[in-house]
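Q: Could you walk me through the aromatic rings of this structure, in plain words?
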Amino acid sequence: MNFRPLSILPAALLSLLCAGTALAAETTAAAQLQHWSAQAGAPGNASKGQAFFNARHGGEWSCASCHGMPPTAQGKHANTGKVIAPLAPAFNAKAFTDSAKVDKWFKRNCNDVLSRECSAAEKADVLAYLNGLK
């Protein structure tokens with residue numbers, strides 16, 4: 001039998017742990033802005049994003065209803081009361097770091113606020129606004 005020394009075990013475990021960490025933070029808010037701007041065919045506009053974030057769009061909620069205005073502190077879901085981490089990336093290092101979660105929450109929240117999915121331009125504008133908050 002050919003056994004490998006146990007000394008490689010810590011390196012292998014470290015590699016697995018780092019791989020898991022990379023998966024949890026596989027994107028950034030800036031990369032998301034770049035992605036949605038490219039999809040929209042124009043750069044995100046922070047002024048439009050702020051106006052969109054605060055508007056009710058004909059329904060009872062706006063993005064700010066749950067995420068606060070400005071979204072730099074903890075928010076609170078308007079219906080359930082569940083605490084929501086700050087949305088602005090400068091105030092929440094985990095914001096917009098997982099593409100699957102970004103897609104999931106944009107889809108769910110846009111449906112709540114607009115009764116439809118947000119367009120690529122709307123996503124880019126909101127991300128431009130959120131990325132500009134310091």
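A: Gladly. A charge sits over a ring if NZ of Lys or CZ of Arg is within 6 Å of the ring centre and within 35 degrees of the ring normal. The charged end of Arg 108 sits over the ring of Trp 105, 4.7 Å from its centre. This is a predicted model, where local features need pLDDT of at least 70, side-chain atom pairs count only at pLDDT 80 or more, and totals for chains, interfaces and linings use all residues. Residues are numbered from 1 along each chain as its sequence is written, and side-chain values use heavy atoms, leaving out hydrogens and water.

Q: Which ring face does Lys 123 lie over?
A: That of Trp 36, with 4.0 Å to the ring centre.

Q: How many aromatic pairs does a search of the whole structure find?
A: Two. Rings of Phe, Tyr and Trp (its six-membered ring) pair if their centres lie within 6.5 Å; planes under 30 degrees apart count as stacked, over 60 as edge-to-face and the rest as tilted.

Q: Why is the pair of Phe 53 and Tyr 129 called tilted?
A: The centres are 5.6 Å apart and the planes make 55°, so the rings pair and count as tilted. Phe 53 lies in helix α3 and Tyr 129 in helix α6, so the pair ties together parts that are 76 residues apart in sequence.

Q: What makes Phe 53 count as buried?
A: Its relative accessibility is 1%, and buried means under 20% relative accessible area (exposed is over 50%, partly exposed in between; 1.4 Å probe, protein chains only). Tyr 129, at 5%, is buried too.

Notes. Helices (H or I, at least four residues) and strands (E, at least two) are DSSP runs, numbered from the N terminus.
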